[in-house]
Amino acid sequence: MPSAAIDQSTAEGAPAAFSAHIVDDALVMELSGVWLADHTLPSFTELRSAFEQQPQPHWRFSAAADLQWDSACMTRLFSCARYCADHDITLDTSALPDGMQKLLAVATAVKPQEAQPAAHRTLSQRLSAAYTAIRDHIVELLRFVGELTVALLNLLRGRANIRLRDFFYFVEQCGPQALGIVALISVLVGMILAYLGSVQLRQFGAEVYVANLVTVGMVREMGALMTAVIMAGRTGAAYAAQLGAMQANEEIDAITTLGISPIEYLVLPRFLSLLLVMPLLCIFANVLGLCGGALVATSMDVNSAAFF
């Protein structure tokens, strides 16, 4: 019977080796020696070549009494199992140790997914898909607004499932904890407006009107805009991450199972805290923007009394 073997010198135990022979209509491969990661082992290509030299519809693995194995050995067995699955070859591992059989069963439990080629879609199909996506987004937005409106009505009637301490916690999170970043951005925007206005108005001898420019720019536009951008990027992202993690952990499903509305319990306190804090932050941003503009204007062409 033809066989294949790998002779190696190892520090402990017999060298890693395998032998292939035919029993009935099955090709049996016996593993022996030290099949550990810190030793030089036969590759999957060598194992496959030994099988292909004697093609049989059934492959069988067995283990010698002196076999020592770890994950390095299992990777080669896993490759053989995938090869058998791809080529309709029956693989028998009943003669292997129980630990190897269990690991191999776990590794091959999930079948690999084949990549599906992207189907060519016509222009009408792409437009239809885009329309469906936009429609679904609009429906989801309207559903959310409707559920939030119902939650507000329940709050006014005293029937909303909302905890007061949650409301104060979110007020602190989106209010005092956001003062630093809002102050920094507002002061810088006010300074930029004052500097650009002073440089341009100096050409017409109207430097004193830099105060009007900073005031109108901050109060009408930049104060509210920068506050909204900061809160959307900071607090809005934090809310989305919190609710997304709860959805992934099925906490929202558990709240729904208990008969509690997630909109009332989770969304409503966040919404009310932003509703209370945003106007105050906007006023805070306006004031600090004017102060930042005053710092630049009074250091250039306008004295503090004229500016204020």
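A crossing of two helices is left-handed if the near helix is turned anticlockwise from the far one by less than a right angle, and right-handed if clockwise. Helices (H or I, at least four residues) and strands (E, at least two) are DSSP runs, numbered from the N terminus.

This is a predicted model, in which local features need pLDDT of at least 70 and side-chain atom pairs count only at pLDDT 80 or more, while totals for chains, interfaces and linings use all residues. Residues are numbered from 1 along each chain as its sequence is written, and side-chain values use heavy atoms, with hydrogens and water left out.

**Overall form**

The protein has ten helices and six strands. Its radius of gyration, taken over C-alpha atoms, is 36 Å, well over the 19 Å that the globule rule gives for 308 residues, so the protein is more spread out than a compact globule. That rule is 2.2 Å times the number of residues to the power 0.38. Along the principal axes, the C-alpha trace spans about 105 × 55 × 50 Å.

**The sheet**

Four strands form an open sheet in the order E1-E2-E4-E6, with mixed pairing; two strands pair if DSSP finds at least two bridges between them. Strand E1 (17–23) and strand E6 (90–95) are the edge strands, each pairing on one side only. Strand E4 (residues 58–63) pairs with E6 in the parallel sense over four bridges, and His 58 stands opposite Thr 90 in E6.

Helix H1 (residues 44–52) packs on this sheet and touches E1, strand E2 (26–32) and E4, where contact means heavy atoms within 4.5 Å. Helix H2 (residues 71–86) also packs on the sheet, touching E2, E4 and E6.

**Helix pairs**

Two packed helices are described by the angle between their axes and the distance between the axes. Axes are lines fitted to C-alpha atoms, for helices over the stretch in contact, and angles run from 0 to 180 degrees between N-to-C directions.

| Pair | Axes come within | Crossing angle |
|---|---|---|
| H1 and H2 | 9 Å | roughly 45° |
| H2 and H3 (residues 98–107) | 10 Å | roughly 50° |

Angles under 35 degrees count as roughly parallel, over 145 as roughly antiparallel, 65 to 115 as roughly perpendicular and the rest as oblique. H1 and H2 are therefore oblique to each other, and so are H2 and H3. The crossing of H2 and H3 is right-handed, and H1 passes H2 in a right-handed crossing.

Between H2 and H3, the residues that meet include Leu 77 and Phe 78 in H2 and Leu 103 and Leu 104 in H3.
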